[in-house]
Amino acid sequence: MEKRKSILIDIKKCIGCQSCEQTCQQVHGFPVEHQAHLSETALTFVDQKGEKFVRRMCLHCEDPACASACLVGALKKSALGPVTYDANKCMGCRYCMIACPQGVPKYQWTKLAPLMKKCDMCYERQVAGGQPACVEACPVQASIFGDREVLLHEAWERIRSDSSYVPRIYGTEEFGGTDVFYISDVAFEDLGFVKPVNGSQPLPTLSAAALGESPTVVLVGGSMLAALYWISQRKKDVALAELRETEADEKRG
Amino acid sequence: MTIEKNFKIVTFWRVISAAIFLAGGYAAYLRFLKGWQASTNLTDLQPWGLWVGFGTLCGVGLSAGGFAIAAAVYLLGMERYRPLLRPAIVLSFLGYSTVCTGMLYELGLPWRIWHPMIYWNGHSVLFDVSLCVMCYTSVLLLEFAPFAIEKLPYPKFRAWALHWHHKVLIALVLAGVLLSSMHQSYLGGLFLIAKGKVYPLWYSPYLTTLFYLSAIPAGIAMLTIVLYLCVRSLNVKLEFSLLEEMSRVMGMLLAVYAIFRMLDLSKGGGIHYLFVRRIETAYFWLEIALLVIIPLFLLSQSRVRNNPQALYWTCAVVVMGFMANRLNVSITAIDAMTGANYVPKWPEFALTMAVLTGAAIVFRLSVIYLDILPKKEEPKPLRWVNVTTPAEA
């Protein structure tokens, strides 16, 4: 099995030059312009929070809510790490947008045959042995790309060797773990990071709990209904037989 | 053949219907040729809106009467409800038809509506919902089919089809009850994964149970409304005591729902938000008042239950409360968390209304031309008394 790839974003290092978002827009053929939020033409953007710059993008969860929600399986977690999107399967139900806790999936509301747009961590470039365009464009290595284990190790090294870092990696536990993770010298809560409501549990566990009951419901419910049907039929048959007997008795009597 | 008295082409309701269809047609033009932004106020923060919240969630929920009555008559042996069976099935069938029609404009790529049949994702609640709705709509079509088949002028085919239908009917009903129970619950289950994007007053790990428990009384209320209107405006008869009896069952089901909802709110985090000074609190209490408090009070009064018009309005309150609940879960609760500030655009209303009006007209025609409800014996209008129609000759 191939090793899982990840991106480490170091908020302390980011200088806010926006090279990542411009490159992203170039490789996707989108108009190159800074936007203040993720959109269908800005799959990553640099979010200014006070004096800090936070690059926002899809976090590529280990157990993604969007992929669990997608009824046709157009969204998938690949073995390599990226959460990919098969535009040929998508039917435009937009459930992924409801499911994603970060509001990452964006819709082409302006088009007549709209598709969902989100970062796929340059999956095709990765398959060809390259790295995501945004990482390549970063002039100060505020984003680095590599094997997940190696990057996690690197992140802890940086935190350990520099006491100005918050002693925590955003993405090791959040949403059950993500393949894009952040380290920062400012508290994540002050930088607009989403606090996971489900603790370190992936969100799909919430719907799995409900879906897991369905075989039981079908089996138990089905047999109960069949039993009720049998009882009500039996009651009718008995009543009918009794009626016939009384009729026969009356004739004889 | 019955001949209508006072035959008029232009009537009040026909003008209204025509206006709705005209608006709906223009809305469809906007949706399909001008796009989403011309026809909806949907955004990335509120991607579902009225079409899903009202068209799908309310459409499916208010069509729950069909499976409830079918289960009562066929599986539980409650023979006295048999006169309600046919109208309930027609109502549900048409309800689900509106939901399926709605998919054609609420999906981004409606020509791929068949995709869930071949691309499966068993982890998706929406996949289960779509499969159940597809299967159950087919079941409803099959349950509805004999009402049309028995009117066909081909005796041999008729006898053959009805014979086979009779043989598989119980299996259909049983499958229908299971499918309904599943997808009525799973419609609530859709929002489980969106924890954190659903305002705490409406989020619960038991959203599935809550949706199921509320759908059955709401389906009964909808059926009562429709039956009342049929008796009032069409030439049919129905024993009112049936509706009165059914309203007691509805009251009990609503009470069960109310208790479950209360327990759920007190166990989950919702209870801390009951009196917070926010607009959501008002929407919540409006919903609770309409769905639970007012109907339970009214249904406890025997003079309300025994008065057709009062019962009709009580059921209307239940249906409104039900709609408030579904819209709150799907729109208010999401808006509160994402700050979408969504207000539907008029074409969203117009398209929904057009589809519902279409269903209402088909229902009316079914009652008039098929044997859905027993017809009243009507004296022939005097003017036409000497005309012999070909059917009688």
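Trainee: At what angle do α4(B) and α8(B) pack, and how far apart are their axes?
Mentor: Two packed helices are described by the angle between their axes and the distance between those axes. Axes are lines fitted to C-alpha atoms, for helices over the stretch in contact, and angles run from 0 to 180 degrees between N-to-C directions. Here α4(B) and α8(B) pack at about 135°, with axes 10 Å apart. That makes α4(B) oblique to α8(B); angles under 35 degrees count as roughly parallel, over 145 as roughly antiparallel, 65 to 115 as roughly perpendicular and the rest as oblique. Keep in mind that this is a predicted model, where local features need pLDDT of at least 70 and side-chain atom pairs count only at pLDDT 80 or more, while totals for chains, interfaces and linings use all residues. Residues are numbered from 1 along each chain as its sequence is written, and chains are lettered from A and ligands numbered from 1 in the order in which they are written.

Trainee: Is the crossing of α4(B) and α8(B) left-handed or right-handed?
Mentor: A crossing is left-handed if the near helix is turned anticlockwise from the far one by less than a right angle, and right-handed if clockwise. This one is left-handed.

Trainee: Which residues of α4(B) and α8(B) meet?
Mentor: Two residues are in contact if their C-beta atoms, placed from the backbone, lie within 7 Å. From α4(B) come F67(B), A70(B), A71(B), Y74(B) and L75(B), which meet I170(B), V173(B), L174(B), G176(B), V177(B) and S180(B) in α8(B). Nine of the contact residues are nonpolar, two are polar and none is charged. Ala, Val, Leu, Ile, Met, Phe, Trp, Tyr, Cys and Pro count as nonpolar, Asp, Glu, Lys and Arg as charged, and the others, Gly among them, as polar.

Trainee: How many residues of chain B are in contact with chain A?
Mentor: 43 residues of chain B touch 48 residues of chain A. On the chain B side, α8(B) gives the most, with seven residues. That side has 24 nonpolar, 14 polar and five charged residues.

Trainee: What is the secondary structure of chain A?
Mentor: Helices (H or I, at least four residues) and strands (E, at least two) are DSSP runs, numbered from the N terminus. Chain A has eight helices and nine strands.

Trainee: What radius of gyration does chain A have?
Mentor: The radius of gyration is taken over C-alpha atoms, and the globule rule is 2.2 Å times the number of residues to the power 0.38. A compact globule of 253 residues would come near 18 Å, but chain A has 28 Å. Along the principal axes, its C-alpha atoms fill a box of roughly 110 × 45 × 40 Å.
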